[in-house]
Structures are given as structure tokens and as C-alpha cells.
Amino acid sequence: MKVLSGIQPTGRFHWGNYFGAIRQYIALQGNEQSFYFIADLHALTSVRDAQALEASTWDAALDLLALGLDPAKATLFRQSDVPEVTELMWLLMTVTQHSLLEKCHSYKDKVAKGISADAGLFTYPVLMAADILLYDSDVVPVGADQIQHLEVTRDIAQRFNAIYGGEFLKLPNARVLEAGAKVPGTDGEKMSKSYGNTIEIFEAEKPLRKKIMSIKTDSTPMDAPKIPETCSVFTLFQLFATPEQQAALADRYRAGGMGYGEAKQAVFDAAMSYFADARTKRTDLATKPSEVEAVLQAGAKRAREKGREVLDRVRSACGLGTRRT
Ligand code: ADP
Ligand code: TRP
């Protein structure tokens, strides 16, 4: 089974990204083949600052490796280090119907928000299809927001196969990441970069404490009993704590006499201890850029080898690449 997924380097990863996606990618890395890439080409549809993109792509690599992505088990690479993907994208584009892309929520939502629709944003799902189809991927773990893009990918692959009369492209399946993992942000809404309510995984200790202390809570007085189920501080605590620790804090909520400040301190302590090893590892990796670069280069080499094989198959299906002698 070939597993593949990508994540955009559009800023530092936050708790929502970790519990909603990264943790689950890492759990799947023992598969026969797993490819994970940093989708820097996709990020170009929103990041237009060379230094910022370069820095967040690098940070993404350090973060993923520190969080447990193991280059001995999985292939990690930068999307832009595999030029085959953009070539495949063009070939796919020639069989992709405009109407299919017009239906995509990601595009429609951005346009509705007034973001100007350039061709990159519009054809974003075709690049994503190329990412997936280039490696004959079987399973693509994604968040629920990406299911439609997987359907588009299957649609494009089917159309290509039907037009050229063969099984040239393998149809992938989405593996929707565990539901219920909707991590709340500091304002109680879904944690997301676009809402400015994120808590970053590798945030330095002081600002981390400050962000946690700023989590919105209701105005139940200190002495009064509190309801853990509806409190985002408690929801966040659950991500990091054992069932026993969760039950103990829930009892304190219900008993009254505990202020939210104390619950927030518990979240801070639990998060610090949960990511302690990853933090140490990240600090260490940051001092070894050439080792990290070597991991990315080795990953790109493996990805390109597999990609070449599929691309050649697709090129010859369309009548490209044959030489007369
Ligand atoms: P953001 O909303 O901050 O821009 P992305 O859209 O780049 O984050 O998300 C990357 C991955 O992280 C997706 O697979 C998404 O499902 C997951 N994710 C993001 N935020 C959350 C959240 N608050 N709860 C659960 N999963 C999340
Ligand atoms: N569009 C995905 C996201 O925003 C990232 C992505 C790009 C991706 N290419 C992919 C995910 C291929 C899975 C497979 O989350």
C-alpha cells in the first residue's frame, strides 16, 4: 500500500495541524511505501514572499522530522524538488474540464472572500491530482476539507484513462483523518491560521504560556461548578492528557473552587511535557542543516525515480517522448 500526503508551508504548524493531520501521517509511516511532501508550489498561491516561503518550507521540514517523521521509514521531500509533478500537471490539465474545477469549494470560498482568482488558485486541484497520481498512490490521508480534491483527482485519472484507453493512472482513495479532531483555537473557534487563533507546536515557552492564558472562557465565578464538556481549555487538555488526568481535571471543574487560570496552567504543563522530546529534537536538528538537507535530497531522489516511471507511462499514452531513429 502506497501512502502519500502533502502539507502546505504557509506558516508555522499549530496544534490543529498536529492533532488533525501530522500525528496521523506519522502513524502511517511504517507502510510499505509512504511519501510525505512539503507543498511549497501550492503555497505559492498564497505566499508571495521568497524569504518567507523559503523559511517556512525549512521550518516545516524541521518540524516534521522533530515530531517523529522518520526518514528510514518514510520519504520526505519538497514538492518543488520534483519537477516531474508540474509536467504531469500539464498533461492532466488537458483532460480536466473547466466545470469540474469551478465546483471546487477551496476556489469558490476564496473567491467569495474577495481573494483574486488567478489561474494558480483555479488549477490548484490539478496540481494536487498530479502530486497524488505521479507516484501511483493508493491511500491519501487528508482532512475532511480535502475530500473534494480527492474526488477531483479520481475524476481526472478516470477521464485520462478513458480518453487514452488504458489503466495508465491509478485511482487513489482518501483516508479521512479521524473525525472529532477539530482542535479549538484561543477564541473557541476552529484553530486556523486564517482566524489568528493558533497555538504553534514549537512556540517558545513564554509566548506559549501567554497564548494559553488568553484562551477565551465563560464568566463562571471561581467558586461555582464548571462544565468541562463545553470549555475549550478542557478540550485542549484532553489532547495531551491520559484518561486518568482528564477525569481528574473534569472532577475539579464540576466540584467548583477552581479558576480557569489553573486549568490553563494544566494545559501549559501538559503541552510542554507532551512535546518535550520533539522540542529537544528540533533544537538539535536546527544545528544540522546539512543533515536535514540530505534527508530532503534523498527523499526527492526517491520520489523522482518513482515519478519518472509514471510520467513516462503517461507521456507515451499521449504520444509524447517517442523518438524516430
Ligand atoms: P490552517 O487552517 O491553519 O490554514 P491548513 O488548512 O493548512 O491549516 O491545514 C493543514 C491540515 O491540518 C489539514 O489536513 C487540516 O485538516 C488540519 N487542521 C488544520 N486545523 C485544524 C483544526 N483546528 N483541527 C483539526 N485539524 C486541523
Ligand atoms: N491541498 C492540501 C492542503 O491544503 C495539501 C496538498 C497538496 C495535498 N497536495 C497534496 C494533500 C496531495 C494530499 C495529497 O491540506
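Predicted model: local features only at pLDDT ≥ 70, side-chain atom pairs only at ≥ 80, totals over all residues.
Which helices and strands each supply at least two residues of the shell around ligand 2? The elements in question are the strand β1, covering residues 2-7, the helix α7, covering 119-133, and the strand β4, covering 139-142. Of the elements that contribute, α7 gives the most to the shell around ligand 2, with four residues.

Turning to the shell as a whole, we find that 14 residues surround ligand 2, and that the closest are Gln8, His42, Tyr124, Asp131 and Gln146. Sorted by class, the shell holds eight nonpolar residues, five polar ones and one charged one.

The side chain of Tyr124 places an N or O atom 2.7 Å from a nitrogen atom of ligand 2, while a polar side-chain atom of Asp131 is found 2.8 Å from a nitrogen atom of the ligand. Gln8, for its part, has a polar side-chain atom 3.1 Å from an oxygen atom of ligand 2. As for how far the ligand is covered, ligand 2 taken alone exposes 370 Å², and the protein buries 89% of that.

Let me finish with helix α8, which runs over residues 147-164. Its 18 residues reach 26 Å from the first C-alpha to the last, close to the 26 Å expected at 1.5 Å a residue. Several of its residues are buried, among them Leu150, Val152, Ile156 and Phe160, and the helix is followed by Gly165, whose phi is positive, near 65°.

Conventions: Residues numbered from 1 in each chain as written. Chains lettered and ligands numbered in written order. Heavy atoms only, no water. Near = heavy atom within 4 Å. Polar contact = N/O pair within 3.5 Å; in protein donor to acceptor, adjacent residues only side chain to side chain. Areas by Shrake-Rupley, 256 points an atom, 1.4 Å probe, with all protein chains shown as cover. Nonpolar A, V, L, I, M, F, W, Y, C, P; charged D, E, K, R; others polar. Expected span 1.5 Å × (residues − 1). Buried < 20%, exposed > 50% of the residue type's maximum accessible area, 1.4 Å probe, protein only.
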